[in-house]
Amino acid sequence: MSRRGFIVVSLSVWLGAIAHGEGQPASAADEASKAVVIRPDRVFDGVTPEAHAGWVVVVRGGLIEGVGLPGELSIPDGPEVVDLPGTTLLPGLIDAHSHILLHSYDEANWEDQVLKEPLALRVCRATNHLRLDLASGFTTLRDLGTEGAGYADVGIKRAVEQGIVPGPRLLVATRAIVATRTYAPAGFAPEWDIPQGAEEADGEALRKVVRDQIGRRADVVKIYADDARGPTFSEGEIRLVVETAKTLGRPVSAHASTLEGMRRAASAGVSTIEHGNGGDLEVFKLMAAKGVAWCPTLTVFEFSARRGGEKAASESPRLRQARGAFRAAIEAKVTIINGSDVGAFAHGEAGRELELMVDFGLTPTQSLMAATSVAAQAIGLGDKVGQVKPKFAADLIAVEGDPTGDIHAVRKVRMVMKGGEVFRGK
Ligand SMILES: [Zn+2]
């Protein structure tokens, strides 16, 4: 079938031609130079609040070449045209807080995963996790710690980049850093040295550990600024981590749920704070003033509440606390980015975070931005992904319906493209 000189193919035929084998991305170089025109019902570009009806997107060489109304675009001769009626095309989603080396605590609790699962088993599982996360529309993950799996994330990232396994783009943290005896596994007799789920360091020694992790290819340095009992590192220690990482061009992400942990991390200049359910207006104002973004991880709170047997997960104390924090964060105008802590709960389900952010007070469009352009900016990829804009990576997803009106549409993924290559298969 041809229309206006285009070769029009159905999505299924096109997918069949472009994707080589189940779960494999198309990778042939000859496909890379061929222009593809994608025609959904509308395009959400990641930045403009309204979706653009009737827009098409031209993709070539792994990049977005053009986007707009067909009459306003220069469309190369003889492109492949992919019609996606009934869908909205938007930037591939970003989860700024994942753990590809964890699987749902419904299957095995954290401690058993860290202490009893062989590294090779964990890596094999991780390849499935990548596939599930990509299929659910996530084309970029910032993976915040291997939880006892060493530097496996560095090798997995390379495997994705080399096309050995399909997966989202990855920013990795490697082992993450904790103050001595403040993490887990914990609770053993004091005479035993139990392996920890992150690397321990304190005081001046933090400088060496930060350099060591970055030298082993950490894209981001993850620290745990507090635990359930309160803050762990001093503000000076966090500042040392931030300064050392900054010298080497790396941002710092801080786990913090308590007010004092959040205050110390924000004051010391971290880039993002994870969880933050204990935050109040004052600390979110401090974060906003310091340009620190917040990654609320609501999905893992909901998951934990359900696992804990609480009848109405939405009424759990921690979710109630997080709801209050979310209101304060909106009032303080802190930058909120999408991050779910996927891995603690099942991979492939991270889209739930966008729904919860709407439930907690963002508009659907704000939630989508938090998972696209806003997240990209906060994690240092703002000029590469997160927008449907010329010269950006062709990381695009098509979802059924219109997620700018009904956020649940974001869970109905029809197509996933990463770097111009269509991924299929779960
Ligand atoms: Zn986490």
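Threonine 297 is buried in this predicted model, because it has 28 C-beta neighbours inside 10 Å and the cut-off for buried is 20 or more. Look at its backbone, too: phi is positive, about 45°, although threonine 297 is not a glycine. You'll find threonine 297 in the loop that runs between strand E18 (293-295) and helix H10 (298-307).

Alanine 176 is another one to check, with a positive phi near 70°. Alanine 176 sits in the loop between strand E10 (169-172) and strand E11. Is alanine 176 buried or exposed? Count the C-beta atoms: 24 others lie within 10 Å, so alanine 176 is buried.

The peptide bond between alanine 184 and proline 185 is cis, with omega at about 0°. As a rule, most peptide bonds are trans.

Now for the nonpolar side of things. The largest nonpolar core has 122 residues, and Val57 and Ile273 have the most contacts inside it. That core takes at least three residues from each of two domains, namely domain 1 (3-91 + 387-424) and domain 2 (93-378). To see what surrounds valine 57, leave out residues up to four places away in sequence; its contacts are then Ile38, Val43, Ile64, Val67, Leu89, Val388 and Leu396.

Definitions and conventions: Residues numbered from 1 in each chain as written. Predicted model: local features only at pLDDT ≥ 70, side-chain atom pairs only at ≥ 80, totals over all residues. Helix = DSSP H or I, 4+ residues; strand = E, 2+ residues; numbered from the N terminus. Buried ≥ 20, exposed ≤ 12 C-beta atoms within 10 Å, placed from the backbone. Core = buried A, V, L, I, M, F, W, Y, C linked by C-beta atoms within 7 Å. Domains from an automatic or database assignment. Contact = placed C-beta atoms within 7 Å.
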